[in-house]
Amino acid sequence: MADRETTLLDVRDLHVEFRTRDGVAKAVNGVSYRVAAGETLAVLGESGSGKSVTAQAVMGILDSPPGRITGGEVLFRGKDLLAMGAETRRRLRGAKLAMIFQDALSSLNPVMTVGAQLAEMFEVHQSMARKDARARAVRLMERVRIPAAKQRVNDYPHQFSGGMRQRIMIAMALALEPELIIADEPTTALDVTVQAQVMDLLAELQREYNMGLILITHDLGVVADVADKIAVMYAGRIVETSPVHELYRAPAHPYTRGLLDSIPRLDRKGRELYAIKGLPPSLTAVPSGCPFHPRCPRAQDVCRTDRPPLHTVGPGRTSACHFWEETLRDD
Ligand code: SF4
C-alpha cells in the first residue's frame, strides 16, 4: 500500500464538470486515490463512471472546454500538477507519466512506420542521433516481444494485428521509462487470449521497471491477477476501495457485489451469472441519496434520502454504503 514516503501520485478530492445541453454534468465528484512506485491500482467502473475523465485530468489531456477541473489536487511526487504551467506538464508527459489508450490504431500515426514513431521519442526527448534511436526502437520492440522486430520496425501500424499494435503502444509508453503509466482499457478491443498476453506483459514490465500503474477497466475479470488494489467508481464517485484479494473474497458495496457476481468464476461454478438491473444514471441527473439506489437490491428508505459517506471498513478498505456490514457478511 502507498504511504507518504513512496507515494507517486496522490489525487485529492478531484472535481471535474462538463457543460452539456442538459446542464452541468459532474463527471468526477470528489475522487481521491494514491499510487506508489511498483504498485498497480485498478480503477473499475461502467462507462460514464468518471474513471477515464479522472485519468485525463491527471494527465492534463482533458478536453477543455467543455471539461473543467473545478476542485482538488493532483500531486505527483508531492508537486501539484494542476498548478503547473502547460509546458511543464507537457514535458512531464512521456518522460515521467505515460498513457496507453484502448484504440492503438487511432493513437498511432497511420502514415509513419512504427520504428519511426518509436525513434522519434528518443530523438525529440533525448536528442539521440537517428541511427541510435532506430536501434533503441528495435530493442524496445523486442522487449515487448514483437516477433522479427528488426524487419517489422519498417511496417506501418495497420500492418500489425490488434494485439501487436497494443504491444507497440506499450513500447511507446515505456520508451522514456516513466514512473507512472495510466492504461485506459488497454485490452478491451482484443480477444480474450490476446487480452491475457498483453495484460501479463504489462504486469511484467511494471514489475521490472518498478513503475506505478493505474489500470482503468470496466472488467473486473482482467484485474484479479495484476492489481494490488482496486477503486470502484460509480456516477463520478469512488464507492469502494480495497486490496484486490479482500475485495474478491468479500466486497463491501452492493455495486461491487453485482459486478463480481456477473463474471464467471471457477470458485463459483454452477452458480447462475447475475446482471445488475438498469443502467448507470445520467451525470446531469444523479439520483438523490445513494446514486446506486435505483439499481440496488439492498436499498432501504434511508438510501433514497441520505448520501452514504465513505466508511472505513477495514485496513485499506472503504465503502460508500449505509449497509456495508451486511454486504460484507453476504455470500
Ligand atoms: Fe444500496 Fe443503500 Fe448501500 Fe446504496 S447505500 S449501495 S442503495 S444499500
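View 1. His15 is bridged to Asn29 of β2, and in β4 the bridge partner of His15 is Gly71. This is a predicted model: local features need pLDDT of at least 70, side-chain atom pairs count only at pLDDT 80 or more, and totals for chains, interfaces and linings use all residues. Residues are numbered from 1 along each chain as its sequence is written, and side-chain values use heavy atoms, with hydrogens and water left out. Strands (E, at least two residues) and helices (H or I, at least four) are DSSP runs, numbered from the N terminus. Two strands pair if DSSP finds at least two bridges between them. β1 and β2 run antiparallel and are joined by 11 bridges; they form a hairpin with two residues between them. Eight bridges pair β1 with β4, also in the antiparallel sense.

View 2. The open sheet has the strand order β2-β1-β4-β5, with antiparallel pairing. Its edge strands, β2 (23-36) and β5 (79-80), each pair on one side only. Helix α1 (residues 51-59) packs on this sheet and touches β1 (7-20), β2 and β4, where contact means heavy atoms within 4.5 Å. The direction of α1 makes about 115° with that of β1. Axes are lines fitted to C-alpha atoms, for helices over the stretch in contact, and angles run from 0 to 180 degrees between N-to-C directions. Strand β4 (residues 67-76) pairs with β5 over two antiparallel bridges; Phe76 stands opposite Lys79 in β5.

View 3. Eight strands form an open sheet of mixed pairing, in the order β6-β7-β8-β3-β9-β10-β12-β11. The edge strands β6 (97-100) and β11 (311-314) each pair on one side only. On average, neighbouring strands of this sheet are turned by 25° against each other, direction ignored. Helix α10 (residues 254-261) packs on the sheet, where it touches β3 (40-44), β9 (229-234) and β10 (237-243). The directions of α10 and β9 make an angle of about 105°.

View 4. β11 pairs with strand β12 (residues 317-319) in the antiparallel sense over three bridges. Thr312 stands opposite Thr318 in β12, and Gly314 has Arg317 of β12 as its bridge partner. Two residues lie between the strands of this hairpin, in which Gly316 takes a positive phi near 70°.

View 5. The ligand is surrounded by 13 residues, the closest being Cys290, Cys296, Cys303, Cys321 and His322; a residue is near a molecule if one of its heavy atoms lies within 4 Å of it. The shell around the ligand divides into nine nonpolar residues, three polar and one charged. Here Ala, Val, Leu, Ile, Met, Phe, Trp, Tyr, Cys and Pro count as nonpolar, Asp, Glu, Lys and Arg as charged, and the others, Gly among them, as polar.
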